[in-house]
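Hi,

Here's the structure I promised to pass on.

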Amino acid sequence: MTSKTILVTGATGAAGRSYVTAFARAGHRVRAAVRPGSPTAFLSAVEVRPTDLHDAAALRAAVEGSDVVVLALAGRGRDAAADEAAITRNVARAASVAGVGHLIYTSVHRADEPTGVPHFEVKGVLEQDLADLVEQVTVLRPTTFADSLTAPWLRDRIVEQGVLASPIGLHTPISYVATEDLARVAVASLSAEELRQHPVVVTGSRPATYADLLPLLEQLSGRAISYEQIPAEVVRRSFGTDLAAMTAMFNSAGFAAEPSPILHDLQLVPQPVQDFLRESWTPPSDPTPGAARLTGRAG
Ligand SMILES: NC(=O)c1ccc[n+]([C@@H]2O[C@H](COP(=O)([O-])OP(=O)(O)OC[C@H]3O[C@@H](n4cnc5c(N)ncnc54)[C@H](OP(=O)(O)O)[C@@H]3O)[C@@H](O)[C@H]2O)c1
């Protein structure tokens, strides 16, 4: 495959880090757009472009000369969905003006449904906006990132106290995808036209509940683990109404999905969450637990 210049926006995020790694490994020239002042030591192998995505001039400079722009963005602030819409449109407009021919967009499973979750529903609108601006768009609709299971907010209490504390219910079925597998699909979309024709649901093979995963987590962490549900009110106060709506939706409907059939055809079906955990759960004595797989929220 010819080497391309790929701009990854949101390169310090959970998905963004994996996109950077995957495109660089595949032999492409990667530019990582990061918020000015972000720590970038882990990006030493690629070109770093400090860029606030609200700054149109900086964004134009970052996008210039790119063949492909990857969007791995989450909004910040009180109205995170509106912020996400603004920065996503800013990136797409800059790409359109610069003549970039291909966008790879990180959406979410169920983006096109009335879920009542602002940062999901806004993605349904953004998917359409992007298609109006740039000719080729890969829309990836991942389920919950498996990496969130190894994130410090969840893992540290498991390892230190034997408590799995989460707002997601013990028996709520969730389909997971590791961001490294999501990134493999993104890389494949450079050459596989089929991945640019319809939104692609990217998820591992079977949904799992915490109750399903507890025995494996106990085995991997070498201790008994009890489950504790973080109350909805605490989620709302600590993380806002958007994430509270998401956890309420998960707990009432689950978040289960099947991978899009095209992933079977292209042999790109993500690994089961259990395999991801076996491979990435660091032993309790490791001083940098989960360091390579930091992630923020669960959807
Ligand atoms: N996490 C999941 O389980 C999951 C599952 C399915 C879909 N998704 C979707 O996938 C997307 C990526 O998720 P994620 O978990 O990777 O998000 P994340 O870890 O929060 O990363 C978001 C990235 O966007 C950057 N960003 C935001 N505002 C910016 C600005 N004004 N200028 C420059 N950079 C800015 C952030 O930089 P700063 O950190 O400096 O703000 C960060 O690098 C999101 O849209 C999310 O909804 C996530």
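Two strands pair here if DSSP finds at least two bridges between them. Helices (H or I, at least four residues) and strands (E, at least two) are DSSP runs, numbered from the N terminus. Bear in mind that this is a predicted model: local features need pLDDT of at least 70, side-chain atom pairs count only at pLDDT 80 or more, and totals for chains, interfaces and linings use all residues. Residue numbers start from 1 along each chain as its sequence is written.

On to the sheet. Strand E1 (residues 5-9) runs parallel to strand E4 (residues 68-71), and four bridges join them. Val8 has Val70 as its bridge partner in E4. The whole thing is an open sheet of seven strands, paired in parallel, in the order E3-E2-E1-E4-E5-E6-E10. Strand E3 (47-50) and strand E10 (200-202) are at the edges with a single partner strand each, so one side of each has no neighbour in the sheet. From one strand to the next the twist averages 20 degrees.

Helix H1 (residues 14-25) packs on that sheet and touches E1, strand E2 (29-34), E4 and strand E5 (102-106). Contact means that C-beta atoms, placed from the backbone, lie within 7 Å. The direction of H1 makes about 170 degrees with that of E1; axes are lines fitted to C-alpha atoms, for helices over the stretch in contact, and angles run from 0 to 180 degrees between N-to-C directions.

H1 also meets helix H6 (residues 179-188): their axes come within 8 Å and cross at roughly 50 degrees. Residues making the contact include Ala15, Ser18 and Tyr19 of H1, and Leu182 and Ala183 of H6.

Then there's the ligand. The shell around the ligand has 28 residues, of which Gly10, Gly13, Ala14, Arg35 and Phe145 come nearest (near means a C-beta atom, placed from the backbone, within 6 Å). H1 gives the largest share of that shell, three residues.

Last, helix H8 (residues 232-239) and helix H9 (residues 241-253) pack at about 150 degrees with axes 7 Å apart, which makes H8 roughly antiparallel to H9. In this contact, Ala232, Val235, Arg236 and Phe239 of H8 meet Thr241, Leu243, Ala244, Thr247 and Ala248 of H9.

Cheers

Conventions
Contact = placed C-beta atoms within 7 Å. Parallel < 35°, antiparallel > 145°, perpendicular 65-115°, else oblique.
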